[in-house]
Amino acid sequence: MKVEERLAVLGLVLPPPVQAPLGVRLPFTPVRIVGDRAFVSGHGPQLPDGSIAGPFGRVGADVTVEEAYVSARLTALSMLGSLQRAVGDLDRVVWARVFGMVASASGFDRQPSVINGFSDLILDLYGDAGAHARSAVGMAELPFGLPVEIEAEVVIVG
Amino acid sequence: MKVEERLAVLGLVLPPPVQAPLGVRLPFTPVRIVGDRAFVSGHGPQLPDGSIAGPFGRVGADVTVEEAYVSARLTALSMLGSLQRAVGDLDRVVWARVFGMVASASGFDRQPSVINGFSDLILDLYGDAGAHARSAVGMAELPFGLPVEIEAEVVIVG
Amino acid sequence: MKVEERLAVLGLVLPPPVQAPLGVRLPFTPVRIVGDRAFVSGHGPQLPDGSIAGPFGRVGADVTVEEAYVSARLTALSMLGSLQRAVGDLDRVVWARVFGMVASASGFDRQPSVINGFSDLILDLYGDAGAHARSAVGMAELPFGLPVEIEAEVVIVG
């Protein structure tokens, strides 16, 4: 089954691009393709309507592990939306590297349980092509008070 | 216009390498080239004379966003100096990935506004070849009390 | 001398894989190989018996620089174990990028002195093929209270 079909079966909708404030040109590219490699900018959780998804704050204090798992899953959908716009066909993506960042309260050390929300969905959608190396680490702060931000590198085939 | 010419027009000077303390051999390479890819070590802000540029400390407490924007711009010049020594001709560089780290005071979440100091200059100098994927994130601490450290990956062409 | 022989001369033993809890399938891959590139997941310090090596906590408060240097060296051995299982022959590895993360107490800024424990061993074992670009930075938190976690990218030759 194609990735897009699997998304439909799961009832999942990819969000549109994050909107920059009117008149602002963002000085970076969501997905930068050079040769057969695609470098994916740090993404955060987005709702299907394109807005940034809450909750906000640090995991382990303001946000629970279960909430942050959902944030990481919504981050995967945001990134898949960017990849679809950049590559066209999500089945041309082979996953390589995932760098999962979790805004962490002092003493919170379950970052892997949070980033699993991203990895579990990618593996479910992609199978073997979704296998990826990963780090899941604790940040002092993330932009806009996001609890999760994830960067990736993928390879384009076909 | 070549990148070196554009730097001259802007009155910008690339600094020499960061000096290691006498007798110390640094156990890493500023720019590691493997095939057509160049991995660029984390760089910090440097002045034209090669010294590390202040201010020091965390953005949002010790350092303002405006000061840190300049630090990020000076980090771009430091990295361009390293790339020029490693590659020879800066026009052979195509930008791919920028990982922007900001030492962040508690509650500071405007990391993108800081790292724009790097991205704005690269886009100004390189145009389309300067497009890059990016993350801009908040660190607990950076070496030597730097407010900004930036790592990158570029592709070598020609 | 081959890398495996040099390890033996130094009396160093590569640990087995980190054991996941019974019945748990980790949703990521220690070493993801795509073409001639290998993306290496974040690794932490392991003892030769495969267990996670202490001490735990933040460098600069709970853990000294000297202890954390050893943690970084034990992280290199853990990663070499993963690379040996994934690639077969460690001499086929050419080092490219090392991203060294240090759980850092407030005000601790000697991350490079910690990550040298990793870099010094890789350079000792690999010589020129061990040269790598590097960042060494301070994290708020790392999984399981680890003082050090290191991610890498290498190229596979031969």
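1. Copies of a chain are superposed here by least squares on the C-alpha atoms of residues with pLDDT of at least 70 in both. On that basis, chain C can be laid on chain B with an RMSD of 0.0 Å, by a turn of 120 degrees and a shift of 0.0 Å along the axis. This is the relation of a three-fold axis. Among the residues of chain C, Ala140(C) comes closest to that rotation axis, its C-alpha lying at 2.9 Å.

2. The model is predicted: local features need pLDDT of at least 70 and side-chain atom pairs count only at pLDDT 80 or more, whereas totals for chains, interfaces and linings use all residues. Residues are numbered from 1 along each chain as its sequence is written, with chains lettered from A and ligands numbered from 1 in the order in which they are written.

3. Chain B holds an open sheet of five strands in the order β1-β2-β5-β3-β4, with mixed pairing. Strands (E, at least two residues) and helices (H or I, at least four) are DSSP runs numbered from the N terminus, and two strands pair if DSSP finds at least two bridges between them. β1 (31-34) and β4 (133-139) of chain B stand at the edges with a single partner strand each, so one side of each is left without a neighbour in the sheet. Direction ignored, neighbouring strands of this sheet are turned by 15 degrees against each other on average.

4. Within the sheet, β2 (residues 37-43) and β5 (residues 148-156) of chain B pair in the antiparallel sense over five bridges. Val40(B) has Ala152(B) as its bridge partner in β5(B). Helix α3 (residues 111-126) of chain B packs on the sheet and touches β3 (93-103), β4 and β5 of chain B; its direction makes about 160 degrees with that of β3(B). Such angles run from 0 to 180 degrees between N-to-C directions, with axes fitted to C-alpha atoms, for helices over the stretch in contact.

5. At the interface, 23 residues of chain C are in contact with 20 residues of chain B, contact meaning that the C-beta atoms, placed from the backbone, lie within 7 Å. On the side of chain C that touches chain B, β3 (93-103), α3 (111-126) and β4 (133-139) of chain C are the elements that give two or more residues. β4(C) supplies the largest share of that side, seven residues.

6. Which residues does Val102(B) contact, leaving aside its neighbours within four places in sequence? Among them are Val59(B), Ala68(B), Val114(B), Ile115(B) and Ala136(B).

Terms used: Contact = placed C-beta atoms within 7 Å.
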